Amino acid sequence: MIGPSRVAELDVPAAGVETGAARPAQSYWNESWERLRANRVGMAAGLLIVVFALIALLAPLFSLVVTHVQPQTINLDDTFFRPGLRHLLGTDELGRDTLTRLIWGARVSLGVAFLTVAMSLSVGTTVGMVAGYYGGWIDDVLMRFVDMVLAIPAIFLFILMSILFRPNAITLAAIVASVGWGSVARLVRGEVLSVKQRDFILATRSIGAGDARLMVRHLLPNVLPVLIVAASLGVGQIILIEAALDFLGLGIQPPTPSWGNMLTNAQSYFFRSGFLVAFPGITIFITVLASNIFGNAVRDAFDPRLKS
Amino acid sequence: MTQPLLEVRDLHTVFSTKEGTVKAVDGVSFDLTPGETLGIVGESGCGKSVTALSVMRLQRPGKIVSGKVMFKGQDLTKLSEYEMREIRGREIAMIFQDPMTSLNPVFQVGWQVGEPTRLHHGWGAKKALASAVNMLSRVGIPSAESRANDYPHQFSGGMRQRAMIAMGLTTTPQVLIADEPTTALDVTIQAQILDLLRHVNREFGTATILITHNLGVVAGMCERIIVMYAGKVVESGPTKDVFAHPTHPYTWSLLRSIPRLDAEKHEPLKPIEGVPPNLADLPTGCAFHPRCVFRVDRCTRDVPALLRVGESQLAACWVTQAGGELTGA
């Protein structure tokens, strides 16, 4: 019935006044990316995080080439060294090189942070999406469960879990994510509730799309901006939580260095060498600050609700 | 008479609300023959859209409680959700009132127009896009090839509605349901879209159900019309007969409330007094009786059935069924 041969015969009234020359496609993503790029402070903060992440990834190389020591290398001749040429950021009570330990600690801190964000996003998105999309009793059951999770005093849960599972980077991420997914689920559910009211969802159903296709291919991309914002703001927060757990001895155990357990160690020698406290502290401070600044920049650029 | 393509019989769709059960569609029946254009008219909230959505089984959170929707020998109300998905978009397509929100803002238009063919024909991205571009140009989108890469916000309202129509047509469905397709558009664009729908109907042979509250649109587009009031069909028949001799006071009043070129000189426009009734709290008897200028005692007691009045029309009115004329007042 329809063939290209008939196109010529068709005298379809063209969209006369609306005729416009083709413009380059400006997608939501392009636009948001342009906005983010225009934010210099935000981009600098983002770059800093990327650099830290790269250094963390290349930690073994740094040990080999730059500092020439391993993080656990003890040198009792060089204890409490002040920052200088021999040890750029000094050494601790066992003569271990602080810079090397900070670099290896970044692997733990950033690794746990990214892993936690990935875990809470995937669980939270799934739960929030299903709750918001199906509504009714499914929504009630899932969201009351989320309320319960969010009502648990997190620090006690962390203590309990740390006792039950010997913490390493992966279990630690799972422990923190076991609470973190709740707020993501709430966020996603709220967004799904508003998006699913829009006409294009009904229109998509009307062409025969099923629930799974609607959720994954049509709803999820609309929720993505909120997820990106949640992820970038979450990183800084989780670095802090992780450092706190390590500091309390509930996280990564010595001798594996992490920013948090370096602080624990340092508190005994606070008056011998303030540098031992200062460097991990400053590192955490800078990383969290950069994450938050970058997160805010991402939110300004991506959050559809902030668009004018 | 040709075999109807779509037969709706005694369809009842209800919504549960705090005020009680609302019968949004209350015993609606009609036929759609292949290739025809059927108009469904009525004021807002009289059940036109819910009727259309019920045919597509998209009436959630409403529930179809009884009735049949026969399409190609099967009752759509009995199909499983999975079987129904095969009908939607492949056999029956629907376009909606507000083209501004009917397209997904995060996808390129061409991708969306191709979605039905990916869903139903299992076409790959390239083939689907090619057919989408072809269809976009056939519905009058200039330089469709590059426009297919645009996002919905780069399209004007009229172009979005064209894109929606293109999306509906990619699978060459037999029925196209257009739910107030021009209401959200300005007048010149309305005319273009109606032209396009007429075209589609002629060239593709697609039977069209046109839902509107605009009698002018119906007059120019539809061979037959159905007039709905408070969830019921109150009159149906060939458009020209209904316009010439309305046999239900509601239709009569509607026609008197709009300006017409063929009206007698100096005839004032008469708006219909009152508002449509609350569907959760319908008046007894004929739902239109409180606003009806021809009402007799019986109208407040008994609900009239939809019966033949005159040669070609059906009406649900005690007055005209008893041979009364609708004149004057």
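**Exercise 1. Describe how helix H4 and helix H9 of chain A pack in this predicted model.**

Step 1. Locate the helices: H4(A) covers residues 98–134 and H9(A) covers residues 211–247. Helices (H or I, at least four residues) and strands (E, at least two) are DSSP runs, numbered from the N terminus. Residues are numbered from 1 along each chain as its sequence is written, and chains are lettered from A and ligands numbered from 1 in the order in which they are written. The model is predicted: local features need pLDDT of at least 70 and side-chain atom pairs count only at pLDDT 80 or more, while totals for chains, interfaces and linings use all residues.

Step 2. The axes lie 8 Å apart, at an angle of about 145°. Axes are lines fitted to C-alpha atoms, for helices over the stretch in contact, and angles run from 0 to 180 degrees between N-to-C directions.

Step 3. List the contacts (C-beta atoms, placed from the backbone, within 7 Å). On H4(A) they include Val112(A), Leu121(A) and Met129(A), and on H9(A) they include Leu219(A), Val235(A) and Ile238(A). By class, this contact has 14 nonpolar, 4 polar and 1 charged residues. Ala, Val, Leu, Ile, Met, Phe, Trp, Tyr, Cys and Pro count as nonpolar, Asp, Glu, Lys and Arg as charged, and the others, Gly among them, as polar.

**Exercise 2. State what secondary structure chain A has, and how much of the chain is buried.**

Step 1. Chain A has 11 helices and 0 strands.

Step 2. Of its 308 residues, 39% are buried (20 or more other C-beta atoms within 10 Å of the residue's own, with C-beta atoms placed from the backbone; 12 or fewer is exposed, and in between is partly exposed).

Step 3. Among contacts in chain A between residues at least 6 apart in sequence, 69% join residues at least 24 apart.

**Exercise 3. Classify the packing of H6(B) against H7(B).**

Step 1. The two axes come within 10 Å and cross at roughly 15°. H6(B) is therefore roughly parallel to H7(B) (under 35 degrees; over 145 is roughly antiparallel, 65 to 115 roughly perpendicular and the rest oblique).

Step 2. The crossing is right-handed. Among the residues that meet are Ile165(B) and Leu169(B) in H6(B), and Ile193(B) and Leu196(B) in H7(B).

**Exercise 4. Describe the side of chain B that touches chain A.**

Step 1. Here 47 residues of chain B are in contact with 30 residues of chain A.

Step 2. H7(B) gives the largest share of this side, 6 residues.

Step 3. The side divides into 17 nonpolar, 18 polar and 12 charged residues.

Note on methods:
Contact = placed C-beta atoms within 7 Å. Left-handed = near helix turned anticlockwise from the far one by under 90°.
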